[in-house]
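Take a look at the chain below. Some questions and answers follow.

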Amino acid sequence: MEFLKSAVASAISKGPSFPYAFGERVDIDQSIWTLHNGTKREDGSRCSIFSFDIAANKSRLPLARNALRKLRTIRHPGVIKVLDTVETETYIYIATERLTPLGWHTRRKSLAEETIKWGLHNIAKTVKFINAEAASIHGCIRTSSIFTGESGEWKLGGFDILSSVKDDEAIIYTYGTLTPDFGRYAPPEVSNSGWEIIKRNPIHAVDAYNFGTLIVEVFNGSFVGAEVGQTKNLPPSMHQSYRRLINSNPKVRPSVAQFLDQGRRNGGFFQTPLIQITEDIESLGLKADAERDELLSQLDEVSDDFPEDFSKMKILPELLKSVEFGGGGPKVFGVVMKISSKLSDEEYDAQITPVIVRLFASSDRAIRVCLLDNFPLMIDHLSQKIVNDKIFPQMVTGFTDVAPVVREQTVKAVLTVVTKLSDRTINGELLRYLAKTANDEQPGIRTNTTICLGKIARNLGSNTRTKVLTAAFARSLRDPFVHARNAALMALAATSDLFSEEDCAAKFLPGICPSLVDKEKIVRDQANKTLDLYLQRIRKYSQNLPETALPPQTTIGPTSANAPRMGTPQQDTSWAGWAISSFTNKLASASGEMQSNTNGSEVAQQQQRPSSVPPTTSYNNERPTTTNPFQHGSLAKPSRNPANTFAPTSLETANNEIETEDFGAAWGDEEVGADTSTSFDPFAPSALSDTPAATYDDKGEPDFAGWLTAQAQAKQKAKNLLPKGLAKPSQTTLNRPSIGARSNTTGQVAIKKAAVLPARTKPAASVKKAQPKEEDEGWGDAWD
């Protein structure tokens, strides 16, 4: 083998340039030629090379030169296609399309009956052309003269003794007996009388007989002379016509053209879907819709009988042209997808991908829906760059299409295309479009969007996932469409492992709970399943949490270690015991002695509070214009500076006000935007009310309200005299903010302290009416 390659290379170097490279040798029987696979040097395209060594086969040189001349002149789809030829004194080379000897398939009996009929039909048309239009005799029709091209079609070669009957010096008369195995394939009249006898017989007689022997050979895998006339393995519909072909009398033999016509009649052996499709496929774009649908139905039925290469090389290009330019529509594209699944990645990129990209830019909704339906069949063959740069930008127009079916199919196609999209595209553009379809007017599209989000949740970014899915599933749980709500619950169950336990408890469980009492049983059942799933996960997580996250308690100052801290819940068996003990602790901690300022400019009774509570700071630098609330007989509500919104109050009063406001608003006790400038003091004595309190029988229970009243009366007695050192502040001092003992002339923010104002002696009747406003409104007014 290596010697042959070196000899060929040496011969090429001495002769004219041959732009093809020789490859491995291909076995071929009963031929004067040596066949090699080859490639074109310029572009690497595949080809076959027939070579003839003149020195080794000089006696058959006329046959080789005749074949070279006839292949150059005869052009027909059923004849092997010649690319280039070279003839020198030492060799003859013929470069053709890539071919495979038919004998490779027939000896293995790897061809189906329908495929053999289709191949014989092609050869019969070629022989008819040679006999009729070319007025020639082939003289060597056999398996070794037939090849299959890359499309799987049978191609006729072996033109060694092909001769025109108009040529009196035709080579068939002189050199016909030099063909390999001449005696086994020669007609009876030629075997008995030589090739000169064909001048007295019909022009088609020799080729008709050889076509009959070819039928026996392809159906049985081999041929010997004794098998002539036997119909073993031949289709029954072909028996009669076959016997007429091999008739010993050449004058009564039908021509191959007549044999072809017999097979094409209704019910004939050439009336098969496979042959019909190959005849009509080239005119697919010109057929009416009904004819096209019928042809495609037949194509789908017999697609497995076609040679795979023929489907790729012949049928597929015609179907693609019909889809893109001939109005073939979705049905044709479905057949295209079925055939293209057998292509390699290189073949797919070359033939299918460009068409798909162009079709996505089409405005035909039927084509768009067909593309989306077949996306799973094509996505594995498409590169990520093609999908992101060319297909997805065209695909997203379907999210906003006016036709609901296009929007729905686009949402469904997301599950297929998401594997080829970049993270930036998924978390950006794709989610924006899904947000629109999640609020679509069609309930089915909303439901499918929820399902889609649940299935692509793992493709979302970790920073985006929780935020997007929380909002999307919460909206779906409130959807009026029952299946949308059910889809949201199922999606929550499927994605529960993607969220933290804190998010499960705080964000998802509150949304699931209303579905437990949904009007539809299907929703309630799914809600219970989803809720159980989340609760099991949260309970398992909570078992690993510490008992408390609070720092250990430490004792500060002279306070006894056993003394209860302010606001610390006490151990009590009753449900409200801890609240009552905390409440009384706050009252005890609020008591204390009045302390005077050493400079005499400001007096305050500083309330005891934990060291952790920061002092209240005022951010008002303007001079206050309020009147002095400490003047005797001043019971009217003093004017307050509207800008001062941070007036200091005691810690307990502030906490009580916040708690009262929050819970009131939460339960609807207080409207948003209501005037809350005057708050009610829960600790004010009940005697201050104008309306007498109703008598209540405590039945021996502790009189908590009476205790509060006694405390208030005790404080009234202390209001008759001001403590030592407390001077009545002047109007100038009240109108100027101060820091420490000096007036604030720099505009700096003063740190203000909560003060308990001294009480003044008032008539009993006046105290009842004025006390609530004085204690409520007076908190912090002295610091303005």
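Two strands pair if DSSP finds at least two bridges between them. Helices (H or I, at least four residues) and strands (E, at least two) are DSSP runs, numbered from the N terminus. This is a predicted model, where local features need pLDDT of at least 70, side-chain atom pairs count only at pLDDT 80 or more, and totals for chains, interfaces and linings use all residues. Residues are numbered from 1 along each chain as its sequence is written, and side-chain values use heavy atoms, with hydrogens and water left out.

Q: In what order do the five strands form the open sheet?
A: The pairing is antiparallel. S1 (20-26) and S4 (82-87) each have a single partner strand, so they stand at the edges, with one side left without a neighbour in the sheet. The order is S1-S2-S3-S5-S4.

Q: What is the bridge partner of Tyr 20 in S2?
A: S1 pairs with S2 (residues 34-40) in the antiparallel sense, over five bridges. In S2, the partner of Tyr 20 is Lys 40.

Q: At about what angle does helix H2 run to S5?
A: Axes are lines fitted to C-alpha atoms, for helices over the stretch in contact (heavy atoms within 4.5 Å). Angles run from 0 to 180 degrees between N-to-C directions. H2 (residues 61-73) lies across S3 (46-53), S4 and S5 (91-96), and its angle to S5 is about 30°.

Q: Is Asn 201 buried or exposed?
A: Asn 201 sits in the loop between helix H7 (188-193) and helix H8 (205-220). Beyond neighbours within four places in sequence, Asn 201 contacts Glu 189, Pro 250 and Lys 251. Buried means under 20% relative accessible area, exposed over 50%, partly exposed in between (1.4 Å probe, protein chains only). At 14% relative accessibility, Asn 201 counts as buried.

Q: Which element of the chain has the lowest mean pLDDT?
A: pLDDT is the predictor's confidence in each residue, from 0 to 100. The chain averages 75, and 67% of the residues score at least 70. Over residues 559-696 pLDDT stays under 50. S3 has the highest mean among the elements, 95, while the lowest, 37, belongs to helix H28 (residues 651-666).
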